[in-house]
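The account moves from a helix and its surroundings to a helix pair, and then to a single position.

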Amino acid sequence: MIEWAVDGDTLHVTDADTAELPVGGDELVVEGSGVDIPRPVDDTVVLTASELRFPHAVVYAFSRDLEEQYELDPSGEPLALSPGEYVIDIDTEIKSYLSFDGRATIEKTDDYESIVVSFPDRTRVTLGVRCRHEFPAGSITVPDSPSAIAEALTHMAASHKTDGPDRSYPTLRGHPSLIEHGDELEISDCIRADTADHGIELVVPPDYESLFVTAPLAYYLQATVRTTDEVLGNRIGSTRDRPRLRLRDHAVEEELSPMPDLERDVERLLRKVFFLDCLVRNAGPYGTTLSEGSLLEALDLDAEALYHATPQERLATYLEVSYAAIEHRLPDWHLSTYVAPTYDSVETLPFLLDRLSMIYTPRTSELEGRELVERSLEDFYRGAEPGASGADEASATSRASTGRVASVDIVKPDLRSGRTHGWLADGVPIDVFKSAPEAYHNRLEFLERTSDSTSICVVLNDPEMAGEHEDVAEIYRQRSEELAIDVTVAESLETAELARVFEDDHDFVHYIGHCETDGLCCPDGTLATSSLGRCNVETFFLNACGSFYEGLELIEKGSVAGAVTVTKVLNDHAIKVGSTFAKLLVHGFSIERAMGLARRRIMMGKDYAVVGDGTHSLTQGEHQLPTTATLEELESDGDRRYSLTLDCYSTRATGSYYFPHTETNEFAYLCGNESSFTLTESELATMLGETEASVIYDGDIYWSEELSKRFDR
């Protein structure tokens with residue numbers, strides 16, 4: 001769902017997932033919408049202007065007359081287009097295309113913050129926009145039957161917008177249909193009609209474990225899923241009932257391992273196919289110069305031929321590529337979710353496939369001895385001073401009140417590959433976000449709401465914690481100067497008042513205070529979140545001791561995701577985590593990633609956790625993919641030199657790429673792969689000033705623009 005409005009000389013485009021695209025113009029005139037352009041878009045807007053300004057982005061221009069492609073030089077050189085018909089691809093958070101006839105110049109501003117498209121005269125152009133996230137297309141009803149679940153999984157890929165390698169772009173994979181419980185299998189004619197049969201079959205044993213584990217592979221390959229009992233009838237008991245991947249027209253049948261090794265086989269297959277698609281797609285109209293692209297030549301693969309091949313032909317070629325030959329170049333997989341393989345869990349599959357999460361069976365063991373402490377210390381930013389960092393004795397005290405604090409039994413999960421891990425099963429594991437089916441359904445409800453701004457409420461319910469309150473309120477207010485954010489501050493709320501905060505429509509509530517076994521502490525008692533009729537707060541941070549269960553209750557009552565604690569925490573630690581989390585959150589980091597970075601500032605970071613859908617983001621950053629940099633000073637006898645490593649990925653948009661802005665860099669990198677550069681002090685200052693990122697440096701975490709001033713000498 002796309003909406004747009006005009007404010008002076010700026011067109012504001014927003015989507016249902018809180019992303020915003022401001023398009024500035026010189027005496028901009030907006031005529032209306034509805035004109036077709038040769039690109040997949042959700043809406044178009046006709047504009048007249050002599051100049052249009054977009055947020056920083058990778059830009060390509062396509063000549064419709066000459067069928068040629070041009071790229072805006074990442075180093076900053078302008079791109080001049082001679083007279084002709086063009087489509088300009090601008091890779092902003094809301095995907096944008098400009099279609100026009102004439103001459104134009106495209107350039108970056110000196111600070112690399114904006115893209116400017118200028119014309120010799122006032123020119124009529126069509127702006128096409130496409131939302132990167134969309135609503136599910138209908139629903140499928142399934143009974144408690146593995147064969148019915150298999151057929152439902154077959155139709156999950158009906159949401160794909162292409163069957164070519166471009167499906168590796170997140171914008172060309174739609175949200176699968178929802179799955180609902182029922183007595184009979186019900187699939188609408190519309191969904192059936194949109195499900196293509198590419199001749200690719202995935203045959204798996206008739207058990208939920210195998211079906212859940214293979215679901216991401218089936219979804220991405222757009223495969224027909226069938227169970228072995230359906231294919232073989234009663235001929236069960238031989239190796240023929242093992243899972244297998246079939247290509248009907250090529251007489252290819254690849255046998256896969258049974259559980260639990262099926263998890264490894266699926267992971268390797270999906271990562272290989274997805275990665276090779278990311279390389280091959282660059283032979284198409286949306287290509288870029290990838291750092292990883294040279295691997296195709298080493299593998300003797302013809303990108304042009306593969307781009308235009310049928311899905312079966314392309315997959316048959318990919319299957320011949322050894323996993324060992326590409327393993328060292330594979331990007332880290334962005335997300336893995338551990339799901340109880342039961343009929344009740346089936347409803348979560350469309351949401352996990354929308355994120356293209358790996359799916360594994362949950363296994364845990366008990367934490368031994370001091371393992372929790374040791375794992376916290378392993379994640380702690382090296383170089384930071386231990387203890388309370390010079391805080392006075394009062395600020396180093398526990399955030400707990402004199403009442404009892406709820407305790408949480410933490411277990412150790414058996415984590416497989418993945419950068420971020422979610423948990424949809426019993427138990428409270430360390431190093432994962434604890435989700436619930438309600439979180440995903442709640443997210444859809446919030447997407448349907450429309451609002452002109454993001455509403456943030458900061459609640460201080462203990463005056464001794466005013467330090468964090470002042471820090472985070474200032475962070476939110478500063479960000480409101482750049483994004484449409486409304487910040488309200490409340491202090492010493494009584495139970496009824498605090499209940500109204502959670503029942504009102506807020507996008508984020510940052511609670512600072514105490515929490516006891518009976519609920520969140522107020523001057524007149526405690527508020528148990530279970531007593532709320534409904535929670536209308538989208539996301540939250542309960543920065544109070546032992547707030548885990550209160551946060552989980554908020555998810556069940558209507559929220560999408562939130563940050564909580566699992567035990568008592570020190571006040572100075574809470575301040576550090578709270579302020580860092582706030583800054584990352586309002587710059588577009590997901591809840592889980594923001595908390596993962598923030599809690600590493602303190603020695604006992606494992607005391608903090610995330611409940612609900614940890615992949616959810618409160619706002620979109622100025623650049624669509626949150627970036628983290630690691631900075632180290634190199635030993636040198638002369639001028640100071642630094643190593644800067646960039647890590648750009650998203651749990652929501654896998655398949656994207658990023659372009660580091662250094663004077664010598666010529667390549668884009670797939671998200672999930674790091675890029676490293678050696679820079680002088682002046683080069684470092686420039687790059688930090690032009691890169692919106694969190695930076696790990698000297699044992700702590702900073703924001704790039706602020707840190708750049710240290711090196712600008």
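**Packing around helix H14**

The buried residues of H14 pack against strand S24 (454-460), strand S26 (506-512), strand S28 (519-522), strand S29 (525-527), strand S30 (537-543) and helix H15 (548-557). The model is a predicted one. Within helix H14 (residues 495-503), the buried positions are Thr495, Leu498, Ala499, Val501 and Phe502. These residues lie on the same side of H14, because the arc they cover around the axis is only 155 degrees. In general, an α-helix has 3.6 residues a turn, so residues three or four places apart point the same way.

A pair of helices comes next. Two packed helices are described by the angle between their axes and the distance between the axes. For helix H18 (residues 681-690) and helix H19 (residues 704-711), the axes come within 8 Å and cross at roughly 160 degrees. Since angles over 145 degrees count as roughly antiparallel, H18 is therefore roughly antiparallel to H19. The crossing of H18 past H19 is left-handed. H18 contributes Glu681, Leu684, Ala685, Leu688 and Gly689 to the contact, and H19 contributes Ser704, Glu705, Leu707, Ser708 and Phe711. Sorted by class, the contact of H18 with H19 comprises five nonpolar, three polar and two charged residues.

Val116 counts as buried because its relative accessibility is 9%, and the cut-off for buried is under 20%. Beyond its neighbours within four places in sequence, Val116 is in contact with Glu51, Leu52, Arg53, Thr105, Ile106, Glu107 and Thr109. Leu52 and Val116 are 64 residues apart in sequence, yet their C-alpha atoms are 5.7 Å apart in space.

Terms used:
Residues numbered from 1 in each chain as written. Predicted model: local features only at pLDDT ≥ 70, side-chain atom pairs only at ≥ 80, totals over all residues. Heavy atoms only, no water. Axes fitted to C-alpha atoms, helices over the stretch in contact; angles between N-to-C directions. Helix = DSSP H or I, 4+ residues; strand = E, 2+ residues; numbered from the N terminus. Parallel < 35°, antiparallel > 145°, perpendicular 65-115°, else oblique. Left-handed = near helix turned anticlockwise from the far one by under 90°. Contact = heavy atoms within 4.5 Å. Nonpolar A, V, L, I, M, F, W, Y, C, P; charged D, E, K, R; others polar. Buried < 20%, exposed > 50% of the residue type's maximum accessible area, 1.4 Å probe, protein only. Arc of directions from axis to C-beta.
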